[in-house]
Amino acid sequence: AQPGAVAPVKAPMRNLTWGQLNFIHTTDTHGWLGGHFQEIARPQYSGDWGDFISFSHHMSAKADEKGADLLFVDTGDRIEGNGLYDASSPKGLYQYDIYAEHDVDIMTTGNHELYQVYSADLEHNTTTRNYPNNYIASNLDYIDLNTGDQTPMAPRYRKFTTKNQKIEVLAMGFIFDFTGNNKNTAVQPVRQTIKEEWFQKAIRERPDIFVITGHVGLRMEEFGIIFTELRKADWDTPVVFFGGHAHVRDARKYDSLSIGMASGRYMETIGWMSVDGLNKKNKDEVSTQKSVSFHRKYIDNNLYGMYHHTGLNESTFPTAHGQNVSSMIDSARQALKLDHKYGCAPKNYWMSRAKHGSEDNLYTFIENEVFPGVVVNEERKDKPRLTIMNTGGIRFDIFKGPFTRDTTYIVSPFVSGFRYVPDVPYKVASNVIKLLNSGGRILDMVPENRFMAIPEQMFLSPLVSFTEDVQDVNLELRGEQKSLNRLDDEKPLIGGLTTSDDIGDDGDDTIHEKLPFHPQPNAFQAKIAFPPDNKDPETVDLVFIDFVQPWIIPALKLSGGDYDDKDVEIYMEGTFTSKLSQWISDNWKGEC
Ligand SMILES: O=c1ccn([C@@H]2O[C@H](COP(=O)(O)O)[C@@H](O)[C@H]2O)c(=O)[nH]1
């Protein structure tokens, strides 16, 4: 763990089940290779990439002892969302080398690798080269902007035989039907990919198991499309899907021989999947087992759990390699001055643990405090303005205490700036936020409204429930101190991730108290420089974060405003991220 990391708390644990073929899955790590080592309220996620490397080493040795196999899968979004990636110039200066210390057997791309030309270039020039035999790009091409050449980012699929059990694996790696990628990549919609000759050939290869990985939420349609097509060609080969993107722990049953799992976000979760009863086809050592069983677990990323699952302890667990990687992270953090303090947060501000509109809600805080302080164009400062941002642009809670350079990128990693449409009739402008927050989509050709929201809410499992509308008293203590109605409840449970998936409620390796989860709107809005008499202004400047422009123009049109992209201008210089750290420096000057 990183120096000064919060110590994980002793907690009731569930054990892992091993099978013939086992997987460790990471996804949506978003640069959190240092782990959540300063998060006092949730100490159960404080392991770092070095601990994970030691854990991986011991689990591989265990697999060898058992004569079983263990494969490592990563399903993308390795970047954006933490100072370790975002604070360097250029971005990712330290991230790629630290990440590459881990051996991955099957790797895919996420949407975050593709938003910027620069990061897609790095994926092509660095990550695919770090993992030449493991990176798979079933529906993604790279475009060389100098020559115009379009080639697969990596092989479309991969077939290999495992070390111990000699299981033949056919692996693919997808990204969801993403349209926000930059000009140096091309994403092929999954419905088209399944018609490709290579895909039709691959699904007829009769391996012992298909491993379909992808930066795809399990409740999105893409895996379902692939599964249906695969089953038309092969009705009985087991299939395991590994997904991501939605930032949740989840598992889905496709049929009795198939399962999918997703393993959360931000290095909070290490996914575990074991498969047993595999029938090795056309080989001498034919297994006679007839039914396949799957076991999934969501491992909290901390040393307490890693000791538990490996049977090791503080002195026997760390490997020299793991310790070296922890030091690499520490050195990078020092070089990037990630602990540099901009100010002291006077209290906690929550994205989903508090209702929108309440004083503990982070979006409400930005609406009421930050936007009025920073959204100013000196030449138009007296003009009333509405300022709109999408909730998905804010990535993490703010905790009471130091607000650092790292916190800035954790809360707001993106490079979005402010644009505006000047002098919009108030009747038209004030309708926009209502349309952005309505269900469905504004127009057929723009992405669905929910793509503005936080990933955790974009594709909800029917099993997820929101917190009932109760008084939010002592919110910051909830989940950390309250005990659950358990028979052995002498010790209170620690607040953390609790999962209900298609398999049941026993997926989390650590038993936690459930934390509140309130639904948030797709976008939020601040009214700035409005007339003091509460009268509606005639016209306003409609200011918005550039990410939401694809929704703003159609919403204006639908509200009766005849605007298009040509009417949009830069409102002021600077990104939301830089404005946020400036506001914190100016306003949170206390001691902590
Ligand atoms: O520039 C950006 C990029 C993304 N977002 C928000 O993030 C989600 C996607 O998050 P994942 O981590 O890929 O799941 C996107 O839908 C937006 O809500 C953003 O605001 N700005």
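Select Asp339: is Asp339 buried, partly exposed or exposed? Asp339 is partly exposed, with a relative accessible area of 45%. Here buried means under 20% relative accessible area, exposed means over 50%, and partly exposed lies in between (1.4 Å probe, protein chains only).

Before moving on, some ground rules. This is a predicted model, in which local features need pLDDT of at least 70 and side-chain atom pairs count only at pLDDT 80 or more, while totals for chains, interfaces and linings use all residues. Residues are numbered from 1 along each chain as its sequence is written, and side-chain values use heavy atoms, with hydrogens and water left out.

**Stop 1: around Asp339**

Stay on Asp339. It sits in the loop between helix H9 (320-335) and strand S15 (341-345). Helices (H or I, at least four residues) and strands (E, at least two) are DSSP runs, numbered from the N terminus. Asp339 and Arg441 are 102 residues apart along the chain, and their C-alpha atoms are separated by 41 Å.

**Stop 2: the ligand**

Select the ligand and the residues around it. Which residues come nearest? Of the 18 residues around the ligand, these are Asn111, His245, Asn390, Arg395 and Phe451. A residue counts as near if one of its heavy atoms lies within 4 Å. The shell divides into eight nonpolar, eight polar and two charged residues. In this scheme Ala, Val, Leu, Ile, Met, Phe, Trp, Tyr, Cys and Pro are nonpolar, Asp, Glu, Lys and Arg are charged, and the others, Gly among them, are polar.

Zoom in on the oxygen atoms of the ligand. One is 2.7 Å from an N or O atom in the side chain of Arg395. At Ala453, a backbone N or O atom lies 3.0 Å from a ligand oxygen. At Met452, a polar backbone atom is 3.4 Å from an oxygen atom of the ligand. Taken alone the ligand exposes 470 Å², and the protein buries 95% of that. Accessible areas come from the Shrake-Rupley method with a 1.4 Å probe; for residues, only the protein chains shown count as cover.

**Stop 3**

Most residues other than glycine have a negative phi, and most peptide bonds are trans. His245 is in the loop between strand S10 (239-243) and strand S11 (249-255). It is buried, with a relative accessible area of 6%.

Jump to Asp28. Its phi is also positive, near 50 degrees. Asp28 lies in the loop between strand S1 (21-26) and helix H1 (49-66). At 0% relative accessibility, Asp28 counts as buried.

**Stop 3: a cis peptide bond**

Select Ser89 and Pro90. A cis peptide bond joins them, with omega about 0 degrees. Pro90 is in the loop between helix H2 (83-86) and helix H3 (95-99).

**Stop 4: helix H4**

Select residues 117-130, which form helix H4. Where is the kink centred? It is centred on Glu123, and the bend is about 35 degrees. That bend is the angle between axes fitted to the seven residues ending there and the seven starting there. At 1.5 Å a residue, the 14 residues of H4 should span 20 Å, and the end C-alpha atoms are 19 Å apart, which agrees. The expected span is 1.5 Å times one less than the number of residues. Buried residues in H4 include Ser119, Leu122, Glu123 and Thr126.

**Stop 5: Ser263 and His25**

Select Ser263, in strand S12 (residues 258-263). It counts as buried, at 1% relative accessibility. Its side chain makes a polar contact with the side chain of His25 (2.8 Å). A polar contact is a pair of N or O atoms within 3.5 Å; within protein, one must be able to donate a hydrogen and the other to accept it, and residues adjacent in sequence count only if both atoms are side-chain atoms.

**Last stop: Lys491**

Select Lys491, in the loop between helix H13 (455-458) and strand S19 (495-496). Lys491 is exposed, with a relative accessible area of 56%.
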